[in-house]
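Biologist: I've just opened this one and could use a hand reading it. Can you walk me through the features step by step?

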Amino acid sequence: MSAGFISRGFRGRRRGPDRQLPPGQYLEDGFPVLSAGPTPRTPLEAWDFAVVGEVDEPKRWTWEEFKQLPSEEITRDIHCVTKWSKLGTRWEGVSVDTLLEGVETAAEYVTAYCDGDYTTNLPLEEVTGGKAWVAYAYEGEPLEPVHGGPARLLVPHLYFWKSAKWVRGLRLMASDIPGFWESLGYHNYGDPWREQRYWGD
Amino acid sequence: MQLYRTLWRLADVVEVVPETPRTKSLVLEVPGWEGHKAGQHVDVRLTAEDGYQAQRSYSIASAPEDDRLVLTVERLEDGEVSPYLTEVLMAGDQLELRGPIGGYFTWEAREGGPLFLIGGGSGVVPLMAMLRHRAAVGSDVPTRLLYASRSYEEIIYRRELEHLAARDGSLAVIHTLTRSRPASWRGYQRRIDAAMLAEVAWSPDEGPLAFVCGPTPLVEAVGAALVGLGHDAARVKTERFGATGG
Amino acid sequence: MDARRLDGNAAAGPLREVFAFEVTSAAYTCEGCGKTDRMGAAMVYEVRGLGTIVRCPSCDHALIRLAYSRGRHWLDLRGIRHLQVEEVAR
């Protein structure tokens with residue numbers, strides 16, 4: 001009926017196409033906040049991070065202990081499935097490789113779980129080998145709650161919904177269980193360069 | 001096989017009418033419009049040539065009794081849809097919309113009152129639909145509108161509200177100007193708070209129906225204050241416009 | 001209080017595409033806390049471009065999760081223990 005209708009003169013907030021960006025993305029100056037629920041406000045004294053699930057021995061760190069783990073500065077492009085991209089974003093955090101050091105597991109998948117009810121699922125090999133971090137600072141400042149603070153998962157090579165905000169742990173899984181958005185039609189894997197936005201792409 | 005038909009349809013823009021420096025009313029002809037209730041809204045969708053889409057909700061400003069559908073849109077500084085609707089869209093264009101939508105934040109004169117309408121900024125739009133409907137059916141349900149605007153120039157529908165109140169003893173319109181005011185201003189000059197509500201509202205035992213609409217912080221504060229003053233939460237209906245619209 | 005959250009009527013548009021009735025007038029019972037209220041009073045998070053999440057105002061439990069992509073609506077209603085819809089006189 002109104003299929004094919006174009007609003008005369010409407011361009012939207014985007015800029016022109018940029019060769020550095022994955023297909024369908026545009027460059028964004030700001031840092032949009034997309035939240036599916038109230039912003040959690042876990043005090044640092046109550047915060048901890050855990051590696052649980054298909055592991056011989058679960059691991060757990062308090063905030064103090066977590067901040068003492070070796071950390072890195074990470075500068076990466078990030079791509080949101082809602083089509084905005086930011087180039088060269090600067091983070092500081094602990095590599096997931098560090099968190100999984102010494103962990104014995106036969107699991108092939110991991111679910112990141114968070115304050116609130118957000119989860120996201122990934123193959124274990126997508127968060128290892130220097131591809132993922134748990135980040136607690138953005139552009140030199142402690143990560144703000146609206147952007148996922150105290151800490152969020154950072155997996156920049158996949159669409160940014162996989163970089164789970166308010167992350168509290170990684171559950172290693174024998175089977176792949178779709179997370180919050182993956183169970184609502186979003187792609188299970190989410191590679192921006194192959195434009196894997198939705199299930200079936 | 002499609003199991004359902006999409007609800008989106010095309011409206012013709014008949015006129016774009018400036019209301020205040022930041023707001024305009026869009027007068028629309030919607031083929032096959034089945035009518036609406038005061039308080040309902042429509043979803044508006046814009047599509048660029050490359051298929052990019054942006055969508056927002058806008059309250060219906062017109063009464064169900066009016067010939068044409070009217071939306072009143074406030075242009076937001078960093079908005080994506082509102083600048084298009086207030087600066088680019090013109091008579092002769094088409095606009096894709098879906099609606100009417102909403103079964104919760106609505107009022108019909110036969111529901112009675114007293115009616116207490118509280119609006120902030122463009123939150124007055126669905127309340128105006130209620131007042132226009134009330135006038136169209138000749139209702140004398142006792143009604144008060146408490147309306148917060150940033151300044152005198154930004155009072156949407158100012159003249160129309162004056163006319164409605166002037167000729168109708170059962171309607172009172174109370175303004176408060178929150179950021180700036182003319183030197184001669186004698187009315188309220190602060191954000192709506194519990195003290196103001198205590199002065200303006202009916203007492204809870206008169207059982208008013210309250211409709212609160214505007215930015216989320218205003219709506220939450222007013223809703224809480226009304227309940228704090230003893231009003232039945234079930235008779236306080238709210239419509240939050242979020243931190244911003246778009 | 002989250003300044004971005006909206007009322008149930010904000011979800012009415014997307015939900016109207018899927019249901020034959022006006023959802024905001026229906027009454028839900030929350031699976032999380034057992035409270036019953038009208039959908040219009042629930043809290044809506046419009047995650048722009050991703051989906052619509054409707055939460056219980058008492059306990060924040062996700063009542064309805066809704067997304068749309070590639071011509072298909074995805075709907076998760078597990079957060080609603082039951083929904084009561086009154087018949088509308090015609």
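Modeller: Start with secondary structure, where helices (H or I, at least four residues) and strands (E, at least two) are DSSP runs numbered from the N terminus. Chain B has five helices and 11 strands. With a radius of gyration of 18 Å, close to the 18 Å of the globule rule for 246 residues, chain B is as compact as a globular protein of that length. That radius is taken over C-alpha atoms, and the rule is 2.2 Å times the number of residues to the power 0.38.

Biologist: Before we go on, what sort of model is this?

Modeller: This is a predicted model: local features need pLDDT of at least 70, side-chain atom pairs count only at pLDDT 80 or more, and totals for chains, interfaces and linings use all residues. Residues are numbered from 1 along each chain as its sequence is written, chains are lettered from A and ligands numbered from 1 in the order in which they are written, and side-chain values use heavy atoms, leaving out hydrogens and water.

Biologist: What share of the residues in chain B is buried?

Modeller: Buried means under 20% relative accessible area, exposed over 50%, partly exposed in between (1.4 Å probe, protein chains only). In chain B, 55% of the 246 residues are buried.

Biologist: And how do I read chain C?

Modeller: Follow the order of its elements: chain C runs β-α-β-β-β-β-β-β-β along the sequence, with one helix and eight strands.

Biologist: How many residues of chain A are in contact with chain B?

Modeller: Contact means heavy atoms within 4.5 Å. On that basis, 12 residues of chain A touch 23 residues of chain B. Buried area is the accessible area (1.4 Å probe) that two parts lose on being put together, summed over both. For chain A and chain B this is about 1600 Å², with 55% from carbon and sulfur atoms. F5(A), R8(A) and F10(A) supply 43% of what chain A buries against chain B, more than any other three residues.

Biologist: Which residues of chain C lose the most area to chain A?

Modeller: That contact takes 21 residues from chain C and 20 residues from chain A. The two chains bury about 1900 Å² between them, 59% of it on carbon and sulfur atoms. On the chain C side, L50(C), R65(C) and W74(C) lose the most, together 33% of what that side buries.
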